[in-house]
Amino acid sequence: MSKDLPSEASVVVIGGGAMGCSTLYHLTERGVRDAVLLERNKLTSGTTWHSAAQVRQLRSSRNLTEMIRYSANLYARLEQETGQSTGWIRKGSLSIATNADRFTHIKRQASLSRLFGLEAHVVGPEEAKALWPLLNVSDVVGAVYAPGDGRVNPSDLCLALVKGAKSRGAQIFEDCPVTGIEVQDGRARGVTTPLGSIRSDKVVNCAGLWGRAVGKLAGVSVPLYACEHFYLLSKPIEGIDDHLPTLSDHDGHLYIRDEVGGLLVGCFEPDPKPLPLTRLRDDFAFELLDEDWDHFEPMMHYALHRIPALETAEAKLLLNGPESFTPDGAFLLGEAPEVTGFFVGCGMNSMGLASAGGAGRTLVDWVINDAPSADMWPVDIRRFAPCQSNEVYLEARIPEELALHYAIHYPGREPRTARKLRNGPLYERLQKKGACFGVRFGFERANYFPNSDEPRDPPLTFGKPAWFDAVARECHAARNGVAVFDQSSFGKLLIEGPDAEVVILTLCAGNIAKPPGNVVYTHMLNERGGIETDFTVFRLAPDRYQIITGTAQPVRDAHWIRTHLGDHRATVNDNTEDLAVLSVMGPNAHTLLSRLTDTDLSLAGFPLFSFRQLRLGSVLVRAARLSYIGELGWELYTPATDAGRLYDTLLESGTDLGLTDAGAFALTSLRIEKGFRSWGHDVTPDDTLLEAGLAFTVRKDTSIPFVGQATVEAQRTAGVKRRFMFFMLRDPDVWPLGGEPILRGDQIVGQVTSAAYGHALGCSLAMGYVTLDGMSAAQAAEQDYAIEIALEPHTASARLKPFFDPSGERMRR
């Protein structure tokens, strides 16, 4: 390894595990020949060296799946490139199910595999036993075999990556902990170590277990926490003569694979053990934690049932090593919003070896281009609020996430731990009304309001949910009477300054240059024309705008705006918690609000997409005439301190109108009926406005060009190859969840982005993109479609417009 630190480097990578080594390798591959890696001890000495190193390619999104697919291909070819073996073995994976819901779960995964071009086969118990002869299949109802999966040797992989990086000029310094990160004017400027300092405008935190501590050196929140992670190694067992597929018995919390003629039996147990890093010495390296056979014993019972040969096998070691996890089980990637030029690639959730190859390449794209090359929102570090990085929250939340690592992915699951982190101003009132809450971006949000005789903590299912009747009542009120939604968790950003208009016109595709008093729905695009976010903009004054964005988006949106400010005289500040938002929606919304104000609420006096300051009773509000469900409605903004009075005033005046509390589940159903898109689901950085059917939102006056304009104009001329469509499933007992393949004939042509039961129509609805294959969008909509759910196709009608549109005379009141 190198001896003398350079005085400067284009990029400094912190951490010599698989993620750091991959990042260094890909930096040099992209031509960054002076990149430097700093490792606190020795390469792989943290968690990489004891990884079980499974490489399962299927992930929840196409981009993440492509990332792991790239990892597998990279690991297979590195030996030819570098001469160093990676220990890559491609023997596939076998996932078994011991109950109907688990079988549905893995068949849904098999559908995703088909969608993403991965080979996957449903097999019966006897076929599963043929693939895994030692397997007890007495209680197995089915399995899925994925032949393209494999595993790798973690230490050999890192050696190969390092060898490739060094051959292109990279330098590596072991026993060189980073003790400080220099930040000037909000930008990374270098690092400090006991061996000296390095000037660099790009610093990459791949420090694994220590990633949170390294983040603190730069003033960056990195929400990860360690837990103890166990696996058993046995001595050789008769009957294991060759490599086997990696076995997943997730009903038993187990993963199992062969290891040197014996077995490796690992678990993600229901009662994990959190691990404060204060328990580890500063020089902790290539070390393990104490064995804990009492803790592992319940998992051992599952293992003995599944692999009876373990009963007579001799144990070699119960390995207990630290692993880092995040609050939602997905890793952390990208530029930190607090410090320009400081990037993060850690919190790998025990999937670091599978992810490292592709994640390293993706992170390098981000470092070099200052933006990812594809939608990475599921792993983007900006998806967390700063408050989600505090240690008390993490120590409570992370063990539950590890316990759910192998849980069935039912819709409606909410975390039970680390709750009430961010209670909105109406939390206590809604709690007294019986609300069942979910959590989003740390906020408690009402999902639905069950009656007193309906279950509050029902069993989860892939079928008709237990909250169906409650949501139906809320939707009925919104469609036929009036409902009130607490939407105080909306993200809120205030942009102000002499150049505020120029900034927002440059970043937004819509016509923002309207007089104060107007509201505009618009989008910020990337250079590829992809939709970085969508939001509504209130023009408060010529030099002052209020942005209202999704609950989970303010950190991301503020970061995007700040990185594009340049020399413009404007600031952006988050005022999310200052304002409460109550949405009053439904045909009787006008009647209700008219009882409380003398302001003219008619369409002529209060047009759509306008706002007014008015009093409702004694409460001063900013009322905006817009609705996320397509009904007559207003969003009411008031200081958080006045939210309770406003809510009480509305309830007192709306009793005879049947004013009903409604939650997030009803809002989802209602907006899907109307066909309104949701960012992160229906519109993403990989989708363009024309593909999404949102060309009408683009302004005509482009005297100030907007980011992404070239792509919009090119697609207007050349047309698009895919188009957003709406689907209605004809079988009322079919329950799509989102993410399912869309079939045209027997060919997969797209993917569902959102789905819900449409209570106004009495059936399930879905939305998603389909490839046009040379047809016009209108022609494509006339074809025969089906939605594939757990490998079963279900006939669906398609349209370019929503199947339900409540707009009409009641919107014009």
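Guide: Thr 461 sits in the loop between strand E22 (443–448) and helix H11 (468–480); helices (H or I, at least four residues) and strands (E, at least two) are DSSP runs, numbered from the N terminus. The model is predicted, so local features need pLDDT of at least 70 and side-chain atom pairs count only at pLDDT 80 or more, while totals for chains, interfaces and linings use all residues. Residues are numbered from 1 along each chain as its sequence is written, and side-chain values use heavy atoms, without hydrogens or water.

With a relative accessibility of 27%, Thr 461 counts as partly exposed; buried means under 20% relative accessible area, exposed over 50%, and partly exposed in between (1.4 Å probe, protein chains only). Apart from neighbours within four places in sequence, Thr 461 is in contact (heavy atoms within 4.5 Å) with Tyr 410 and Pro 411. Ser 111 is 350 residues away from Thr 461 along the chain, and their C-alpha atoms are separated by 18 Å.

Strand E22, at one end of this loop, also contributes to the second largest pocket. That pocket holds about 780 Å³ of space. Its lining has 32 residues, and the closest to the centre are Arg 413, Glu 414, Pro 415, Arg 416 and Asp 457. Helix H9 (391–403), helix H10 (427–432), strand E21 (436–440) and E22 each give two or more residues to this lining. E22 gives the most, with three residues. By class the lining has 17 nonpolar, five polar and 10 charged residues, where Ala, Val, Leu, Ile, Met, Phe, Trp, Tyr, Cys and Pro count as nonpolar, Asp, Glu, Lys and Arg as charged, and the others, Gly among them, as polar.

The terms rest on a 1 Å grid over the protein atoms alone: in a cavity a 1.4 Å probe fits but cannot get out, a pocket is an open set with protein on both sides within 12 Å along at least five of seven lines, and lining residues have an atom within 4 Å of a point. Points are joined across faces, edges and corners, and a volume is the space filled by probe spheres set on them.

The structure also has four cavities of 30 Å³ or more. The largest cavity has a volume of about 80 Å³. It is lined by Gly 424, Leu 426, Tyr 427, Leu 430, Phe 437, Phe 443, Glu 444, Arg 445, Ala 446, Asp 486, Ser 488 and Ser 489. H10 and E22 are the elements that give two or more residues to this lining, and E22 supplies the largest share, four residues. The lining divides into six nonpolar, three polar and three charged residues.

The loop between H9 and H10 contains Lys 420. Lys 420 has a positive phi of about 60° although it is not a glycine. Its relative accessibility is 49%, so Lys 420 counts as partly exposed. His 253, in the loop between strand E14 (246–249) and strand E15 (254–259), also has a positive phi without being a glycine, here about 65°. His 253 has 16% relative accessibility and therefore counts as buried.

Another loop residue is Phe 331, between strand E18 (315–325) and strand E19 (332–335). Phe 331 is buried, with a relative accessible area of 6%. Not counting residues up to four places away in sequence, Phe 331 touches Met 67, Cys 346, Gly 347, Met 348, Asn 349, Ser 355, Ala 359, Val 379 and Arg 383. Of these, Val 379 is 48 residues from Phe 331 along the chain, with 5.4 Å between the C-alpha atoms.

Helix H13 (residues 554–563) has eight of its 10 residues buried, so it is largely enclosed by the rest of the structure. The buried residues of H13 are Pro 554, Val 555, Arg 556, Asp 557, Ala 558, His 559, Trp 560 and Ile 561.

As for the whole chain, there are 18 helices and 39 strands. The C-alpha trace spans about 80 × 65 × 55 Å along its principal axes. Of the 813 residues, 61% are buried. Among contacts between residues at least 6 apart in sequence, 73% join residues at least 24 apart.
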